[in-house]
Amino acid sequence: MHDGPAGRGKGRVDDASEREFAEYFRARRDAVRRTAFLLCGDWHRADDHAQSAFVKLHRHWRRIRDRDALDAWVRRTLVRSIVDESRRPWRRERATAELPPDTAVTPSASEAVTTRHVLVDGLRAVPPRQRAVLVLRYLDGLDVAGTAAALNCSEGTVKSQTAHGLSALRAVLGDVLDDLRPAG
């Protein structure tokens, strides 16, 4: 098969573009992985979703003209991947009225666990779409419009999902929520 005069195939990325992608990847991989973890609650799945987002980005690298929009492109791809996976039948979680006794967060357990772990555990119990809104708004620092763009929905949907998500998170955290508020 002949790839053209320079030996470059249609889908190949040139050396300069490849270096540019590698620099972007090195600079953003930890942040993307962290966001994926906060969205799905599992480091192994987070690694898979982050890798998938970067593979898709690499595949489209030459066509993305606005390099300032790369973070938004990766974030949108990541969120779609995680939300889509949560819709698959084998990933559906079954809600129960109470947590099993060995997973309940008690005051003595909350002293031993950092605030971050308590919040991540709480986020796991929030429905995926609401979890995505909470992570993007409060942990990634996006405003309502940015979150709406990342999730491809209206700003009103972001606002209602935020309210419902915060309510669900408060219900899950219960008394632990008081321990998370700053003293003063």
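Colleague: What should I know before we start?

Modeller: Residues are numbered from 1 along each chain as its sequence is written, and side-chain values use heavy atoms, with hydrogens and water left out. Since the model is predicted, local features need pLDDT of at least 70 and side-chain atom pairs count only at pLDDT 80 or more, while totals for chains, interfaces and linings use all residues.

Colleague: How many helices and strands are there in the protein chain?

Modeller: You get 9 helices and 0 strands. These are DSSP runs numbered from the N terminus: H or I for a helix, at least four residues, and E for a strand, at least two.

Colleague: Why is phenylalanine 25 called partly exposed?

Modeller: Buried means under 20% relative accessible area, exposed means over 50%, and partly exposed is in between (1.4 Å probe, protein chains only). Phenylalanine 25 has 28% relative accessibility, so it counts as partly exposed.

Colleague: And phenylalanine 54, buried or exposed?

Modeller: Phenylalanine 54 is at 5%, so it counts as buried. Across the 184 residues of the protein chain, 34% get the buried label.

Colleague: What makes phenylalanine 21 and tryptophan 61 an aromatic pair?

Modeller: Rings of Phe, Tyr and Trp (its six-membered ring) pair if their centres lie within 6.5 Å; planes under 30 degrees apart count as stacked, over 60 as edge-to-face and the rest as tilted. There are 6 aromatic pairs in the structure. For phenylalanine 21 and tryptophan 61, the centres are 5.2 Å apart and the planes make 85 degrees, which is edge-to-face. Phenylalanine 21 is in helix α1 and tryptophan 61 in the loop between α2 and α3, so the pair ties together parts 40 residues apart in sequence.

Colleague: Why is the pair of phenylalanine 25 and phenylalanine 54 called edge-to-face?

Modeller: Their planes are 80 degrees apart, and the centres are 4.8 Å from each other. Together with Phe21, Tyr24 and Trp61, Phe25 and Phe54 form one aromatic cluster.

Colleague: How do you know that arginine 67 lies over the face of tryptophan 61?

Modeller: A charge sits over a ring if NZ of Lys or CZ of Arg is within 6 Å of the ring centre and within 35 degrees of the ring normal. Arginine 67 is at 4.2 Å from the ring centre of tryptophan 61, and it lies over the face.
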